[in-house]
Amino acid sequence: MPINADKAPISADKAPINADKAPVSADKMPVSADKAPIKRLSKQEILIIDYLQRNEKITTSTAGEVLGVKQRRARGILKELAEKNVLLKRGAYKSTVYVLNAKENPQTDLKKES
């Protein structure tokens with residue numbers, strides 16, 4: 001069976017020249033000289049934060065109701081906020097709740113008025 005040279009794989013030394021110049025995604029662009037990542041929040045994430053400024057904690061079920069999305073999507077949004085250090089995850093499995101991270105959100109560390 002003859003090998004078609006035109007369809008042979010490209011060797012490592014013939015990789016495209018600009019392969020190492022892949023674009024950087026917008027959420028990983030540096031803000032300042034110290035290369036701190038930008039923290040951009042979606043409208044849904046802002047709604048969660050607003051809810052938590054009025055309430056002590058939130059569950060995935062409550063987040064789904066607040067956002068009008070399925071519980072699975074709400075869990076993903078809460079997880080993203082926790083990864084951005086906006087929220088802290090407390091508990092596990094069915095008892096998981098999320099609270100605001102007071103270190104990252106000093107303006108939200110105010111006591112609720114009765």
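Q: Is K94 buried or exposed?
A: This is a predicted model: local features need pLDDT of at least 70, side-chain atom pairs count only at pLDDT 80 or more, and totals for chains, interfaces and linings use all residues. Residues are numbered from 1 along each chain as its sequence is written, and side-chain values use heavy atoms, leaving out hydrogens and water. Buried means under 20% relative accessible area, exposed over 50%, partly exposed in between (1.4 Å probe, protein chains only). K94 has 89% relative accessibility, so K94 counts as exposed.

Q: Which loop holds K94?
A: K94 and T60 are 34 residues apart along the chain, with C-alpha atoms separated by 9.4 Å. K94 itself lies in the loop between β1 (87-90) and β2 (97-100).

Q: Which residues does E45 touch, not counting those up to four places away in sequence?
A: E45 sits in helix α1 (residues 43-54). It counts as buried because its relative accessibility is 3%. Contact means heavy atoms within 4.5 Å. On that basis E45 touches R40, I77, E80, L81 and K84.

Q: How are α2 and α3 oriented to each other?
A: The axes of α2 (residues 60-67) and α3 (residues 71-83) come within 8 Å and cross at roughly 105 degrees. Axes are lines fitted to C-alpha atoms, for helices over the stretch in contact, with angles from 0 to 180 degrees between N-to-C directions. Angles under 35 degrees count as roughly parallel, over 145 as roughly antiparallel, 65 to 115 as roughly perpendicular and the rest as oblique. The two helices are therefore roughly perpendicular.

Q: Which residues of α2 and α3 make the contact?
A: The contact spans both helices. From α2 come T60, S61, A63, G64 and L67; from α3 come Q71, A74, R75, I77 and L78.

Q: Around the axis of α2, what arc do its buried residues cover?
A: T60, A63, G64 and L67 are buried in α2. The arc is that of the directions from the helix axis to the C-beta atoms. These residues lie on the same side of α2 because they cover an arc of only 100 degrees.

Q: Which elements are among those covering the buried residues of α2?
A: Start past the end of the helix: G68 follows α2, with a positive phi near 70 degrees. The cover over the buried residues includes α1, α3 and β2.

Note on methods
Helix = DSSP H or I, 4+ residues; strand = E, 2+ residues; numbered from the N terminus.
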